[in-house]
Amino acid sequence: MQFFGGSEISPSPPVPTASGNNAHMMYVFNRNGVCLLYKEWNRPLHTLNPQQDHKLMFGLLFSLKSLTAKMDPTNADKGNLGVPQLPGQGCSFHSFRTNTYKLSFMETPSGIKIILVTHPKTGDLRESLKYIYGLYVEYVVKNPIYSPGSPIKSELFNTALDQYVRSIS
Amino acid sequence: MAPVGPRSGDAIFSSIDRVNAELFTLTYGAIVRQLLTDLEDVDEVNKQLDQMGYNIGIRLIDEFLAKSGVSRCVDFKETAEMIAKVGFKMFLGVTASVSSWDADGTCCSIILEDNPLVDFVELPDTCQGLYYCNVLSGVIRGALEMVSMKTEVTWTRDALRGDDAYELQVKLLKQVAEEYPYKDDE
């Protein structure tokens, strides 16, 4: 039987391989496209206002996911492009890389999307995103004051997240 | 890196912090008792317990997903098995069994032989209409709603009312498709 409290967060954090902060920014969205959290560490260029920026990011992921599922050569069961899929249907991508940045993406069946934009040379961050999801569960979901679907204001979560992201190489 | 498969209910149960079972049972009992005093009507208490369960369920799902490593279920059958074998084990320390599927695979029963919520409980004559464990049906409904399954969860057997086990009927009403949430580009 299990309740609130300091249970360990699984999986335990992957060991960072080098020091230094490679992260540019991070987004957390819920299924309704509400940006629960936006954090930036190193972003010299802003071209849009924050709302437009969040919307564009969400739209990019939504469309890209739909496109990747459409192009899947292994699965016959796919609808028309743009037709809504059931959650968990179709394949999904976990990262893409350009010459200037890498975007890592995780989506849970409950519709939480975690996006981390880092230096293009960053390695596989799937385990790290899972760990961040664990932080979200411990510090946000289990916080009785937090009302689901609202932007996250938890100091504790922010601190833990900042510390962890800075340790990712 | 090989994808890590879902962890078993037992493995998760043994790796997380737990509270004393009696404390848990008595706390739940105290809540139900207080609701009966405050609301004075058994049906209202049933409703309130269901609502409390729902509020728990919509949060619980994230903890379930994060700790179990479950990524997706292919169909409702697998979902029901997952609730019975992993979910109940992880949060209540008991396992349930799934049976009585209908022909379309959208309705089934989850049967609990052992229910830690009801230790020390006897329903007095004045509370015969009470679904003492109604919080559980709310939890399942809330958790499934977060993974886009609208369900209806009802008690079909309740040992406190003289049946031989606890049985929840879970009926899948519809699966909600993923939609682009913004209306248009305003």
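Biologist: In this predicted model, how many of the 16 residues of H2(A) are buried?

Modeller: A residue counts as buried if 20 or more other C-beta atoms lie within 10 Å of its own. By that criterion H2(A) is mostly covered. The buried set includes Leu129(A), Ile132(A), Tyr136(A) and Val140(A). The number of buried residues in H2(A) is 12.

Biologist: Which elements do the buried residues of H2(A) pack against?

Modeller: The partners come from both chains. Chain B contributes helix H3 (42–68). From chain A come strand S4 (102–107), strand S5 (113–118) and helix H3 (155–167).

Biologist: How far apart are the end C-alpha atoms of H2(A)?

Modeller: Helix H2(A) covers residues 126–141, which makes 16 residues. At 1.5 Å a residue, these should span 22 Å.

Biologist: What pattern do the elements of chain A follow along the sequence?

Modeller: The secondary structure of chain A consists of 3 helices and 5 strands. Read along the sequence, their order is β-β-α-β-β-β-α-α.

Biologist: What is the order of the strands in the open sheet of chain B?

Modeller: The sheet has 4 strands with antiparallel pairing. Strand S1 (96–99) and strand S3 (149–157) of chain B each have a single partner strand, so they stand at the edges. From one strand to the next the twist averages 25°. The order in chain B is S1-S2-S4-S3.

Biologist: How many bridges join S2 to S4 in chain B?

Modeller: Strand S2 covers residues 107–112 and strand S4 residues 166–175, and the two run antiparallel. Among the pairs, Ser109(B) is bridged to Gln169(B), and Ile110(B) has Leu168(B) as its partner. The number of bridges between S2(B) and S4(B) is 6.

Biologist: Which strands of chain B does helix H4 lie across?

Modeller: Helix H4 of chain B covers residues 76–92 and runs at about 160° to S1(B). Its strands in the sheet are S1, S2 and S4 of chain B.

Biologist: What angle does the direction of helix H5 of chain B make with that of S3(B)?

Modeller: Helix H5 covers residues 134–146 and packs on the sheet. The strands it touches are S3 and S4 of chain B. With the direction of S3(B), that of H5(B) makes about 165°.

Biologist: Which residue follows H2(B)?

Modeller: Helix H2 of chain B has 19 residues, 21–39, which should span 27 Å at 1.5 Å a residue. Its end C-alpha atoms are 27 Å apart, in agreement. The residue after H2(B) has a positive phi, near 60°, and is Glu40(B).

Biologist: What is the radius of gyration of chain B?

Modeller: A compact globule of 186 residues would have a value near 16 Å. The C-alpha trace of chain B spans about 55 × 45 × 35 Å along its principal axes. The radius for chain B agrees with the globule estimate, at 18 Å.

Biologist: In chain B, what share of the contacts with a separation of 6 or more comes from residues 24 or more positions apart?

Modeller: The chain runs α-α-α-α-β-β-α-β-β from the N terminus, and buried residues make up 36% of its 186 residues. For contacts in chain B with a separation of 6 or more, the share from residues 24 or more positions apart is 62%.

Key:
Residues numbered from 1 in each chain as written. Chains lettered and ligands numbered in written order. Predicted model: local features only at pLDDT ≥ 70, side-chain atom pairs only at ≥ 80, totals over all residues. Pairing = 2+ DSSP bridges. Axes fitted to C-alpha atoms, helices over the stretch in contact; angles between N-to-C directions. Contact = placed C-beta atoms within 7 Å. Expected span 1.5 Å × (residues − 1). Rg over C-alpha atoms; globule rule 2.2 N^0.38 Å.
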